[in-house]
Amino acid sequence: MRVWKFSDDINTDLITPGRYNLTTDKAQLAKIAFIEYRPEFAREVEEGDMIVAGKNFGCGSSRETAPLALKSAGIKTIIAKSFARILFRNAINIGLPVVICKEADRIEEGDQVEIDFEKGLIHNLTKKEDLKVTPLPAFLIEILESGGLINYLKRRSLRIR
Amino acid sequence: MGMTITEKLLARASGKKKVSPDDIIFANVDVAMSHDTTTPLAIKPFHEITKKVFDKRKVVIVFDHVVPPANIQSTHLQKKIRKFVKEQEIENLCMEGVCHQILAERFVSPGDIVIGADSHTCTAGALGVFATGVGSTDIAAIYATGKIWLRVPESLKFNITGNLPKGVFAKDVILHIVGEMGADGATYKAIEFSGNVVRGFSVSSRLTLSNMVIEMGAKNGIIEADEKTMKFTNRRGEISKSDKDAEYENIKEFNISNLEPQVSCPHNVDNVKNINEVEGKEIQQAFIGTCTNGRIEDLAIVVNILKGKRIARNVRLIVSPASNKVYLEALRLGYIQMLMQSGAIITNPGCGPCLGRHQGVLASEEVCISSSNRNFKGRMGSPEAEIYLASPATVAASAMEGKITDPSRYL
């Protein structure tokens, strides 16, 4: 549950640069996550790690390779002060939880954190403090609990509501 | 309480009398689009839930990002899409320019709900439609069901008033607004542009405004349709207007009478400066094109600056017309010949070098001035390159001088 800390306005060109966006293969996508911006990320990230970012995480392009590369690399949750709307949708649609936390600044690189989705709390085990999460609308939680939009639609026999 | 245009279109598309900000609605989609980069990731999820697209006439697939394909991987992805198009009998597979220009020219009618798997789908809002960008899984679900879930956005009204100074264009206006608002200043919101400047703008200039609302996080950027719009769309669709008592979260005034040419500086779009702060910066590449500024009006401005002269020796000037229609018109008017005589390289219609995959990839420490909409680190090539965004006039004047130049003296 190690934290990888990022700044404000991390755009999708930094997550999966256009020039590397040439595949739909998850294992290959995992290798290109932050390939130029933070080359050690793809090498060292471990299953279950989290991203903690500032405001406007994922601004820019609609490329779904961005959240998919992070998920494929092992990222379990993205915590940010705020999200750009397309990445926010894309992450939920592929079943990658996004957590809005106004106090995300209090979490630092390398901290160990756990999330209690039911209570809406982030436990920072390193700093021994709890941070509140801004709750998501029930409809979005339903999509996330289904494992993404496609499973949600399957479960509801293609009825979108 | 009345409704804004955005609320009216969303209410109609979801079969409701009234919608309000924060409602979650399920809207019928009139035009659904994806391209060579976003379609591949939509095919597998689509097949997981259904066999046939909801309406093969309402689906538009465009090859524009890397067309013709520049390497084996790109060709392979396009081959996969062609198989999908054939199997689904999708009627519209286009390779004649940037997807947003193609949608505006051929597929969008005022009043429509337009959803595209590309962030700049907001461009079509200039035609009085609700248009927004999504990702591949969303578009797969739309291809299957014809519907999308949307949260009704709060509306912001931007009144743009005053008299456009010489050397200042729609691109300068929107760069100025993005700089004022910041990269997340309008996140999740609907922006409605109004005011005498917007009404006076051509459809082409309005498309430039709506194109860049995503650069401040907005969901859509809408402009009430009028006679100019109806003429542009060959009288397709119908005009919707916001009610007098519609509710806006905020109304902002932008008087542009004293605006200077604007330049967005590396490495974020909202890092906008007056041209006098960056004039003199040496450039190696100048690029005219894209869904932001690759239309005939833009090429006319460029030709007006370049004709009969040669660009600076150390600059490569790349011009990518936004569509075949634009290209043919530019040929007819003699623009292409004049551009080539000035030293420009003309590419086929498409996204060109905007996303750094072909047709003018930047080396480290190179500087590019571009009429496109994004200057993120590494966007057009090496992460050690620098991208400045400006109007076609500023790009053309800069290509002449070999350094960032105020276009006023050329006009």
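Chain B is divided into domain 1 (5–254) and domain 2 (262–410); the bounds come from an automatic or database domain assignment. The model is predicted: local features need pLDDT of at least 70, side-chain atom pairs count only at pLDDT 80 or more, and totals for chains, interfaces and linings use all residues. Residues are numbered from 1 along each chain as its sequence is written, with chains lettered from A and ligands numbered from 1 in the order in which they are written.

The C-alpha centres of the two domains of chain B lie 24 Å apart. In domain 1 of chain B, 32 residues are in contact with 32 residues of domain 2 of chain B (contact: C-beta atoms, placed from the backbone, within 7 Å). On the domain 1 side, α4 (99–107), α6 (170–181) and α8 (203–211) of chain B each supply at least two residues. Helices are DSSP runs of H or I, at least four residues, numbered from the N terminus. The largest share of this side, 6 residues, comes from α6(B). By class, the side has 10 nonpolar, 15 polar and 7 charged residues (nonpolar: Ala, Val, Leu, Ile, Met, Phe, Trp, Tyr, Cys and Pro; charged: Asp, Glu, Lys and Arg; polar: the others, Gly among them).

α6(B) and α8(B) pack at an angle of about 20°, with their axes 9 Å apart. Axes are lines fitted to C-alpha atoms over the stretch in contact, and angles run from 0 to 180 degrees between N-to-C directions. The two helices, α6(B) and α8(B), are therefore roughly parallel (angle under 35 degrees). B:A170, B:K171, B:V173 and B:I174 of α6(B) meet B:S205, B:T208 and B:L209 of α8(B). These residues divide into 4 nonpolar, 2 polar and 1 charged.

Note on methods
Contact = placed C-beta atoms within 7 Å. Parallel < 35°, antiparallel > 145°, perpendicular 65-115°, else oblique.
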